[in-house]
Amino acid sequence: GVYFVPAFTGLGAPYWDPDARGAMLGLTRGTTRAHIVRATLESMAYQTQEVLDCMQRDSGIPIKELRVDGGAAANGLLMQFQADVSRVPVDRPTMVESTGLGAAYLAGVEAGIWQPEEVRTLRQSDRKFVPDMDQERRDTLMDGWRAAVKRVLTKREEAPATAQRAAPARKAAPAKKPAPAKRKAAAPTKKKASAPAKKKAAPAKKKAGPAKKPAAKKKPARR
């Protein structure tokens with residue numbers, strides 16, 4: 001369950017994340033030095049397998065055998081694990097330092113010691129490692145590796161198809177209840193100032209007495 005992601009200078013194919021950084025994941029109180037060493041070796045096989053997946057997917061050509069070289073090829077544990085996760089035989093040559101051997105072959109061809117066609121027959125196989133892991137175990141290990149890589153990625157773009165996992169759907173937050181509408185306080189109705197009561201009409205004047213008879217004209221006195 002221990003995974004080591006050696007992203008010391010970022011991650012190359014198929015992630016292309018230069019800002020990713022290395023991490024050791026899955027440590028427990030029972031983890032020992034042997035677990036860390038094994039996780040470091042296994043990380044090389046995981047990275048190689050992801051590149052092989054891209055090559056096969058892009059070219060459409062299945063890989064039937066993997067020929068290895070270099071100093072790491074001398075480790076039998078790593079070679080067997082590579083065969084298990086790649087599901088193809090791994091062929092290790094007797095001379096694993098292929099860089100130096102290639103330079104010697106070029107010099108020999110130039111000096112006339114070998115013909116170019118002869119060089120192809122000079123490679124000798126030391127051991128062939130065949131897959132010896134069931135498919136379910138292999139898929140579980142690869143899934144754990146991809147989950148570990150996902151933890152160190154800084155880019156949130158779409159990861160390769162082989163490294164994708166559906167993210168669990170997030171529960172929708174409960175809808176907030178709308179706040180009750182505040183009732184506007186009714187403005188106090190202004191009481192109209194009642195006009196002062198009009199004074200009662202003055203009492204009616206007394207009726208006029210009977211009209212006086214006009215004074216009789218005085219007759220002129222007789223002489």
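User: Which residues touch the most other members of the largest nonpolar core?

Analyst: In this predicted model, the residues in question are Val-5, Leu-11 and Tyr-46, within a core of 31 residues. Two or more residues each come from β1 (3–5), β2 (23–25), α1 (33–59), α2 and α5 (135–152). The most come from α5, which gives 6 residues.

User: What makes this set of residues a nonpolar core?

Analyst: The name applies because members must be buried residues of the nonpolar kinds listed for a core, joined through side-chain atoms within 4.5 Å. Val-5, Leu-11 and Tyr-46 belong to that set. In soluble globular proteins, nonpolar side chains tend to be buried together.

User: Which residues does Leu-11 touch, not counting those up to four places away in sequence?

Analyst: Its contacts include Val-5, Trp-16, Pro-18, Val-149 and Leu-153, and also Asp-17 and Gln-47.

User: Why are β3 and β4 said to pair?

Analyst: Pairing requires at least two bridges. Leu-66 stands opposite Val-90 in β4. Together with helix α2 (residues 76–86), the two strands make a right-handed β-α-β unit.

User: How do you know that β4 also pairs with β5?

Analyst: The two strands are joined by 4 bridges and run antiparallel; pairing needs at least two, so β4 and β5 (residues 125–129) qualify. Here Val-90 stands opposite Phe-129.

User: What makes both faces of β4 covered?

Analyst: Val-90 and Arg-92 on one side, and Asp-91 and Pro-93 on the other, are all buried, which means that each has under 20% relative accessible area.

How values were computed
Residues numbered from 1 in each chain as written. Predicted model: local features only at pLDDT ≥ 70, side-chain atom pairs only at ≥ 80, totals over all residues. Heavy atoms only, no water. Buried < 20%, exposed > 50% of the residue type's maximum accessible area, 1.4 Å probe, protein only. Right-handed = clockwise from strand over helix to strand, strands pointing away. Contact = heavy atoms within 4.5 Å.
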